[in-house]
Amino acid sequence: MAQVPQRFFDALAVRTWCGLSLRALGRAREEIDAINVYPVADGDTGTNLYLTVESAVAAVEAVFAAHEVDAGEPDDGDGPSLADAVGAMAHGALIGACGNSGTILAQLLRGMAQVLTAGDEPAHTDGPGLRLALRHAAESARQAVAHPVEGTVLTVASAAADAAEAAEGAEGDCAAVARAAYAGAREALAATPGQLPVLERAGVVDAGGHGLVTVLAALVETFTGRAPGPGASVVPHARVPHDGEHPPGECAVEEGDGNGPAFEVIYLLEAEDAAVARLRQRLDALGDSLVVVGGDGLWNVHVHVDDAGAAVEAGVEAGRPYRIRITHFGHGDARATGTGRPPRERTQRAVVAVVPGEGLAGLYTEAGATTVLARPGEPPASGELVQAVRRAHAREVVLLPNDAELRHTAAAAAEQARAEGIRVALIPTRSAVQGIAALAVHEPERRFDEDVVAMTSAAGATRYAEVAIAERQAWTTAGICQAGDVLGLVDGDVAVIGADVTEVAATVLDRMLAAGGELVTLVLGDEAPETVAAHLEARVRETYLAVDTVVYRGGRQGAPLLIGVE
């Protein structure tokens with residue numbers, strides 16, 4: 001990390017600020033998680049902010065590393081510009097944003113970057129420039145939220161900008177602006193319980209606002225070399241209630257039925273501005289907590305909905321969604337519109353699964369699993385799987401990689417989660433249809449070991465196949481294939497080469513059922529012929545007695561058809 005203090009806000013100051021913010025959020029993460037009661041009491045705001053800043057840090061460090069390689073000498077003065085650094089910071093936060101607060105923080109950083117990269121790309125900015133950046137950050141974040149609510153991180157950001165503008169003697173002095181912004185934000189944070197009843201009942205301040213105060217404290221340290229005074233990280237009047245404790249006068253249920261949307265949906269989206277405007281309207285009608293941040297063709301979309309599939313489909317209509325994450329809040333959540341209790345206890349057990357298409361993501365999510373979407377050519381990293389395990393918020397987690405090539409990645413994620421105190425069992429499923437079979441016998445009420453054994457047995461008893469299209473000429477176990485040929489793979493090996501998807505699928509199915517079977521599972525991709533499912537169902541019904549068939553829509557899953565035989 002660069003040395004502090006920094007005199008101006010330049011590329012080195014950006015690097016320093018990001019590093020100090022990450023370190024500060026690492027220290028405050030559990031405290032922030034513990035007071036997370038709005039908009040959903042899921043106890044992950046601190047973690048989400050940390051992961052968002054972690055992504056920003058990685059992007060900034062990559063820019064500095066690239067300049068060091070290009071220049072040959074890291075200290076020859078040919079480092080990245082301010083525009084390079086803040087652009088990387090904003091982009092990294094955007095693509096790595098997690099949760100409601102993380103998404104808003106990403107827009108705050110993007111708003112700052114828009115000011116600091118405007119004009120002639122100066123090497124640095126001073127106090128007035130930093131004030132403008134903080135103001136634009138607050139305004140752009142507020143615009144990104146469909147229905148801004150006072151008493152949240154938006155209020156704290158606006159207060160920071162107001163205080164920075166009113167700072168005396170701050171002409172040319174970034175340190176004075178940072179101190180004023182921090183003080184204004186801290187004062188506004190302490191007042192948040194009086195603006196949001198759910199915070200007042202729980203006896204806590206806003207968790208997202210607490211995270212922003214932590215980031216602004218790191219900004220002060222960037223310019224002064226010292227973190228704000230002793231105890232500054234402890235926000236006045238922030239009290240964490242004990243389990244089962246109700247503040248005086250708290251009602252069991254607030255006005256209304258207390259039921260909020262069941263799912264959190266987040267994805268990156270490549271789309272034009274006009275399409276995103278329409279997407280905002282559609283998602284706003286589907287749920288709440290809608291935040292859409294970004295621009296220049298790349299967006300991060302966050303929304304809470306009951307119909308996760310519809311939220312993803314809206315993204316598909318707008319452009320190309322990817323890195324889709326769907327989280328089921330679970331029945332144990334204390335909703336912001338309900339009891340207002342701070343965060344729920346961890347559930348006893350959860351299932352985390354990697355799935356190849358949006359349709360299967362919806363299917364797995366409806367069955368209670370936390371999903372990680374793997375697009376063709378974009379396998380998830382171990383960090384994404386660890387993050388999904390954390391989002392599952394359970395003491396015990398069953399991990400389904402659903403891909404033989406992800407086994408080592410999943411094993412690394414499982415080890416990291418175990419180091420955090422989570423009991424994780426990795427079932428080496430090699431296909432999504434094996435994962436479906438495992439999920440079908442999952443019973444959270446059973447002992448963990450018994451549940452894992454039953455799920456592993458069900459997955460192992462399911463033979464799997466897929467019908468795919470060859471991308472190039474290649475040698476296979478069934479002979480030489482040409483680009484465009486239809487391949488039938490059974491248990492990972494090419495067994496059939498043909499020219500028609502339906503014919504190859506029928507041949508593959510016959511080979512699989514020759515060894516017996518009770519249930520056939522068909523998962524149709526977007527590229528599958530419309531008649532293939534009906535043809536295969538009729539074939540099974542007419543040829544194989546007492547064998548049932550179920551059909552699911554997988555969406556853009558990379559293969560026209562997945563087949564499972566149990």
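1. Terms first. Two strands pair if DSSP finds at least two bridges between them. Helices (H or I, at least four residues) and strands (E, at least two) are DSSP runs, numbered from the N terminus.

2. On the source: this is a predicted model, in which local features need pLDDT of at least 70, side-chain atom pairs count only at pLDDT 80 or more, and totals for chains, interfaces and linings use all residues. Residues are numbered from 1 along each chain as its sequence is written, and side-chain values use heavy atoms, with hydrogens and water left out.

3. Start with the sheet. It is open, has six strands and mixed pairing, and its order is S17-S16-S13-S20-S18-S19. Strands S17 (493-498) and S19 (548-555) form the edges. Each has a single partner strand, so one side of each lacks a neighbour in the sheet. From one strand to the next, the twist averages 20 degrees. (Axes are lines fitted to C-alpha atoms, for helices over the stretch in contact; angles run from 0 to 180 degrees between N-to-C directions.)

4. Look at S13 (residues 463-469). Five bridges join S13 to S20 (residues 561-565), and the two run antiparallel. Five bridges also join S13 to S16 (residues 486-490), again antiparallel. Arg463 stands opposite Val565 in S20. Ala465 has Ile563 as its bridge partner in S20, and stands opposite Val490 in S16.

5. Two helices lie across these strands. H17 (residues 501-513) lies across S13, S16, S17, S18 (519-525) and S20, at about 165 degrees to S13. H18 (residues 532-543) lies across S18, S19 and S20, at about 170 degrees to S18.

6. Next, a helix pair. The axes of H13 (residues 382-392) and H14 (residues 407-419) come within 8 Å and cross at roughly 45 degrees. H13 and H14 are therefore oblique to each other; angles under 35 degrees count as roughly parallel, over 145 as roughly antiparallel, 65 to 115 as roughly perpendicular and the rest as oblique. Residues that meet here include Leu385 and Val389 in H13, and Ala413 and Ala417 in H14. Contact means heavy atoms within 4.5 Å.

7. Finally, the cores. A nonpolar core is a set of buried (under 20% relative accessible area, 1.4 Å probe, protein chains only) Ala, Val, Leu, Ile, Met, Phe, Trp, Tyr and Cys residues joined through side-chain atoms within 4.5 Å. The largest has 82 residues; Phe9, Val14, Trp17, Met89 and Phe223 have the most contacts inside it. A second, separate core of 47 residues includes Val351, Ala432, Leu439 and Ala559.

Notes: Buried < 20%, exposed > 50% of the residue type's maximum accessible area, 1.4 Å probe, protein only.
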